[in-house]
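Subject: Handing over the two-chain model

Dear colleague,

Please find below the structure that I am passing on to you. My notes on what was found in it follow directly after.

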Amino acid sequence: MTDPHAPALVCQNVSVTYGPVTALEAVSTAFDAGLIHAVVGQNGAGKTTFARVASGLVRPSGGHVAINGHVMRGGNVSAARAAGVELVHQSFALPPSFTVAEAMEFGATGAGRFFTRSSLFARWRPHLESLDISVDLGARIRDLPVETQQGIEIARALVTQAKVLILDEPTAVLSPSGIEKLFERVRRLKAQGVTVLLILHKIREVLAIADTVTVLRAGRLVEGPLMTTDVDGERLSRLIIGDASRGLAAVDAQALTGAGTVEHGPTDAKPVTAAPVLKLSSITTFGDPEGPALQDVDFEVRPGEIVGIAGVEGNGQRTLVRLIADFAKASRGGVYLGGHDINTQPLAQRRSKGLRIIPFERNTEGLSLSSSLWENWTARALLEKPLLRLVNPALLRSECDAALKAWGVRYDNVAQKAGALSGGNAQKVILSREIDRDAKLIIAAQPTRGLDIGATAFVWDALRQARDRGCGIILISSDLDELFDISDRVNVMLAGRIVGTFTAPYDMNAVGAAMIGAS
Amino acid sequence: MIARVTHILRSLIFVIFALILCSLVFQIAGYSASTVLTNVADGAFLRPGALAQSLRWALPLFITAVGVGVSFRAGYFNIGAQGQFYVGSICAAFVAEWLSGAPAFVVIPACLFAGMAGGAFWALWPGYLRIRSGTDEVITTLMGNFMAGLLLVYVTSGPLKDPSGSGQQASSRPLEAAYRISTSSGLSVTIVAIAVAVGLAMWLLVNRTTFGMLASLAGRNPVMVRWQGALLWKLGITSFLLSGALAGLAGTIEFLGPNGRIASGFLPAHGFTAILIALVANFSVAGTAITALFFGGLASAALYLPVMAGLPSAAIDVINASIALFITARSKLLDKVLRIGGHSS
Ligand SMILES: Nc1ncnc2c1ncn2[C@@H]1O[C@H](COP(=O)(O)OP(=O)(O)OP(=O)(O)O)[C@@H](O)[C@H]1O
Ligand SMILES: [Mg+2]
């Protein structure tokens, strides 16, 4: 029997380099067994890299990892698994063409054994049910919403008797109630003696769930593990973003650290009277593969205002975006952009009228991960040109370089594949592409999901500045603090309808009640 | 830049592996591998006049392969180059027949145009089916190859039949000398000029136009490009049409140039060699030019081996096949073994 107080996971001088990039530099730390540990840090700080080293996916270029006292040969997943370490990825790694049952079987055994469909179902249904995941075991992974995919990833990681479970930004894809459920699950695991490492961005979540917190910055260990009882939100945000935290507006700091409930709206809001930049008049859509159809939605966005959309995920937010982007079709009602009826116009034309979209799915809808940064970045500008227009790649590359620098993206060079960026940096590439001078209506779907607090504040500022330039902005978020902090008003969606409109000062309880239809 | 050099190096290593594998096969089959390989090198490049011969084969292959690269880049696996090559040559042959007697400066451009249109049409319907209803283009274009092959048999033994031809292989009537763009040697200023023009135009299109950039983005992630407002069908159909037209053009060049006629089942491996070239070159236009020259050399060596060295020309098939094997097996494992620098994937 190992000593119960011995650290479950020890890092000794761990360094990782990717070509010229140093992702981790001489990180030494130890995580006690049986606790919930949070790992935090800015985008690109090296959190994912750290998780990959611990789970044997990446071999450190220096130093080593020890699990329960055993020094691991780096870069060996099966050895790490055998020692009891499991990792749930930030961007999911389940094979998209597998069914749920196949993915479970494959993930659990990793080996090819003979099986029948029904035996697989019989084996995995109880396991999934015990974790409260309701899903059709015959459904293909790629057809499932991200929330369910994550549930399956966690279920997969928990099949073996994991002693150390690492979850890479598990809350980023979840709704508030989903997060509560996840935390419940994590606490149960702790009670069973599992050591859990959570990579998180939201300080509020850190303080709510973790026993200790460890801070990384630019590949180095800043501090930790610290007991969460010994730190407060303000100190933690200072540790994460360093001196930059002084530049945060007090209201943003409050929304970011979760110090109290945000009720204020924008402080300098003046009533907007200009003609709406977007108007949906009694829109009903056909059924949509990604969510409920919209029912009789009346909705307006005026220039110079940020309209928040609150709601439990899957209540028509995606359909709304898809309608405006010409993916979902209206069966009744009108869609007007800048006063023009755009119902029959293709997306390219809508975009040329100033529509910009920061889509829900960053890695598929937002970026081509296997293409270079500059190609991803120039896609929007290219689409405004005729197909046979000559372009100058060198010029585009330098424009891209300047734009990405201005947005503070951490990258090596613009010819890098977008897939090599950390999650938050990838999102900044999208933002820098979609928030430009000619934007008139910006749809921001979960724009700060997975972003560190510095970047989140940056995005809020960018959206506010766009608003002040006269853009209309639709902000869809599952983070009520975010919505309350920067929206001029907040609409609540439920089952494809808009069921309530709120203005500052916001009443958290009333909005929450509207979201679940309890008003 | 470094990435590109690395890539070319890596492809070269695959070719070298393939040659090692071939040597093994030759040895087992009872030939001396070194004799075979030196004779292949002789036949392809070293003996006097070999380079011209290799170029004769390389130019049409290059044109078809560039087209294949365009559709592959856009994410469509048009493997119907062979059929498009045939249909192009058939259309050109018909036009030459109809316009027989007209001046050459009318007939030749008309043939080139007809050949490209024919090849494009043979790529259009699989492209349409793919984009309209998701029909797998690998299957339709492959089917198209068989249909075009049979069409060629019909045309050369029916409407365009050469009555004086021997019974061996049905073929069309020989083209009047005035309409030929090269002698049977297959190399002429016109053909070189066409190939250079195609190369430059395609290099520009692929690397320097909106279309080229969007198509390659769409090939990697169509969803993202769709969210940017691109009409995928436009990019897709254009890519299909271009690749078909270029294969058709190559067919027309073979008809107007070295062959001077079309015969049933002529150059049956052209399209597949072109696909192999495009894959080895990783769809880059410049890379395709170099690779085409290499495969052109192999094609001319195939003719040289049995005559000059008494070796079976099947040796070349073995070489082609093993290169194909290694290129398609560019597996993770091999990549890992060959990884240079350590941070490409
Ligand atoms: N495969 C890779 N190739 C090259 N560079 C990489 C690769 N993976 C990560 N990096 C770089 O290493 C650094 C650390 O990345 P990592 O993904 O660990 O950050 P992170 O802390 O998880 O960030 P985020 O909060 O955005 O997810 C970043 O600068 C990133 O660009
Ligand atoms: Mg990460």
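Predicted model: local features only at pLDDT ≥ 70, side-chain atom pairs only at ≥ 80, totals over all residues.

Helices, taken as H or I runs of at least four residues, and strands, taken as E runs of at least two, are DSSP runs numbered from the N terminus.

Another backbone detail of chain A concerns A:Asn13, which is not a glycine and yet has a positive phi of about 55°; A:Asn13 sits in strand 1 (residues 7-18) of chain A.

Turning to the interface, 38 residues of chain A are in contact with 24 residues of chain B. Between them, chain A and chain B bury about 2600 Å², and 68% of this area is on carbon and sulfur atoms. Of the area that chain A buries against chain B, 24% is supplied by A:Phe327, A:Leu383 and A:Leu387, more than any other three residues supply. Zero salt bridges are found by the rule across the interface of chain A and chain B, whereas twelve residue pairs, both residues at pLDDT 80 or more, are in polar contact between the two chains. On the side of chain A that touches chain B, the elements that give two or more residues include helix 10 (317-324), helix 11 (347-352) and helix 15 (423-434) of chain A, while helix 13 of chain A gives the most, with eight residues. By class, the residues on this side of chain A divide into 19 nonpolar, nine polar and ten charged.

Within chain B, the axes of helix 7 (residues 189-208) and helix 10 (residues 232-259) come within 11 Å and cross at roughly 170°. Since angles over 145 degrees count as roughly antiparallel, helix 7 of chain B and helix 10 of chain B are therefore roughly antiparallel to each other. Helix 7 of chain B makes this contact through B:Ile191, B:Ile194, B:Val198, B:Met202 and B:Leu205, and helix 10 of chain B through B:Leu242, B:Leu246, B:Leu249, B:Ile253, B:Gly257 and B:Pro258. Sorted by class, the contact of these two helices of chain B has ten nonpolar residues, one polar residue and no charged residues.

With best wishes

Definitions and conventions:
Residues numbered from 1 in each chain as written. Chains lettered and ligands numbered in written order. Heavy atoms only, no water. Axes fitted to C-alpha atoms, helices over the stretch in contact; angles between N-to-C directions. Parallel < 35°, antiparallel > 145°, perpendicular 65-115°, else oblique. Contact = heavy atoms within 4.5 Å. Nonpolar A, V, L, I, M, F, W, Y, C, P; charged D, E, K, R; others polar. Buried area = accessible area lost by both parts, 1.4 Å probe. Salt bridge = Lys/Arg side-chain N within 4 Å of Asp/Glu carboxyl O. Polar contact = N/O pair within 3.5 Å; in protein donor to acceptor, adjacent residues only side chain to side chain.
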